[in-house]
Amino acid sequence: MIGRRGKVLLLLYGMFLVLLFLMCSTDLIIREPEKEIYQIAVIIEDVRSDQYSNFRKGMDQAAVEFNADVHFITLYEKADAIQQMELMEREQQDDADALIVVPADEERVPAKQMGIPVILLRPRRMVEAEEGSVIIEYERMGEQLALEMLEDASPNCSVLILTGQGRQSAMDNLFLEGANKVFIDNGYNVQTIVKDQSNGFRDDLENIVNWDNKKALILAVDPESLTEAAGILADNPDIEKKVQGLYGRGSTLPILNYLDRGQIAGVCVTDEFSVGYLCVRTAIRELEGDRYQPPIVMTSYYIEKKDLRDPAYEKLLFPIE
């Protein structure tokens, strides 16, 4: 028989177990502090979205790791700096904690003073680059690609440059400047072809079939032009025979597929996944008090068909979230 004292001890022990269960399984006794979810707005400089696929994946990964909510905003008009600054103001008023901005105009957008952290994905390296910038050296990328093109060029090549319509983005302009410098320094005459509104590049590329004893070395300035030109070559073997090589930048799935099939000879790429990840990480660190982060300069890589199955480039080209 359990005495009165034993019953009291059993009752107290049972109460202790219930209390311990409540403390371990609920927040009724000890409430865990709620983690703050940072609101981050990403304002990209033009309406082209396919080239931002891996960039978005990197941001999504960082958002999970650093407890952030990331949303994207694109400009209604390509390379419109005024509209971009208006969107920055709107997002700040809508309680965004930080902004990540691909500047439509480097000279104007960085000068915009905001009351929240602004991380700039800059298209070139500048000595006076602000803390918290992530930099892609598009001018150097253009130089790098042009040098690779000339390594493959035959003496009877003419250089064609394909560009989109309207005002070009800062990254397109700098990429083209770097490439043009190499071509001019090496004595090549360059012909620039602007995309036709109704028929794209088709008519201009069909014209090279009539060239005598001469081939075309083609550089597409932006990923969209590169994809379109590669599709034309794939559909027209006669044109493809007259092309010494088609080159450009970007790592979208269509571009990599054309590279694998041989319509594209080579591309320059950056680790877009890491770019997106680092932009979000930099924003979070600044929100948590680290306001003096040095600029991050990204590396560019030249990729050919043989590199597609190289483990060294697998994560760069085909990142997994």
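**Exercise 1.** In this predicted model, find the ring that Lys 214 lies over, and give the distance from the ring centre.

*Solution.* Now try Arg 249 in the same way: Arg 249 lies over the face of Phe 175, at 5.6 Å from the ring centre.

**Exercise 2.** Decide how the rings of Phe 66 and Tyr 277 are arranged, and whether each residue is buried or partly exposed.

*Solution.* Step one: the structure has three aromatic pairs. In one of them, the ring centres of Phe 66 and Tyr 277 are 6.0 Å apart and the planes meet at 55°, so this pair is tilted. Step two: Phe 66 belongs to helix α2 and Tyr 277 to helix α10, so the pair ties together parts 211 residues apart in sequence. Step three: Phe 66 has a relative accessible area of 24%, so it is partly exposed. Tyr 277 is at 17%, so it counts as buried.

**Exercise 3.** Classify the pair formed by Tyr 301 and Tyr 313.

*Solution.* Planes over 60 degrees apart count as edge-to-face. Here the planes stand at 75°, with centres 6.1 Å apart, so the pair is edge-to-face. Tyr 301 lies in strand β12 and Tyr 313 in helix α11, twelve residues apart.

**Exercise 4.** Compare the reach of helix α7 with its expected span, then look at its start.

*Solution.* Helix α7 has 13 residues and reaches 19 Å from first C-alpha to last, close to the expected 18 Å. At its start, a side-chain oxygen of Asp 222 comes within 3.2 Å of the backbone nitrogen of Glu 224.

Definitions and conventions: Residues are numbered from 1 along each chain as its sequence is written. This is a predicted model: local features need pLDDT of at least 70, side-chain atom pairs count only at pLDDT 80 or more; totals for chains, interfaces and linings use all residues. Side-chain values use heavy atoms; hydrogens and water are left out. Helices (H or I, at least four residues) and strands (E, at least two) are DSSP runs, numbered from the N terminus. The expected span of a helix is 1.5 Å times one less than its number of residues. A polar contact is a pair of N or O atoms within 3.5 Å; within protein, one must be able to donate a hydrogen and the other to accept it, and residues adjacent in sequence count only if both atoms are side-chain atoms. Rings of Phe, Tyr and Trp (its six-membered ring) pair if their centres lie within 6.5 Å; planes under 30 degrees apart count as stacked, over 60 as edge-to-face and the rest as tilted. Buried means under 20% relative accessible area, exposed over 50%, partly exposed in between (1.4 Å probe, protein chains only). A charge sits over a ring if NZ of Lys or CZ of Arg is within 6 Å of the ring centre and within 35 degrees of the ring normal.
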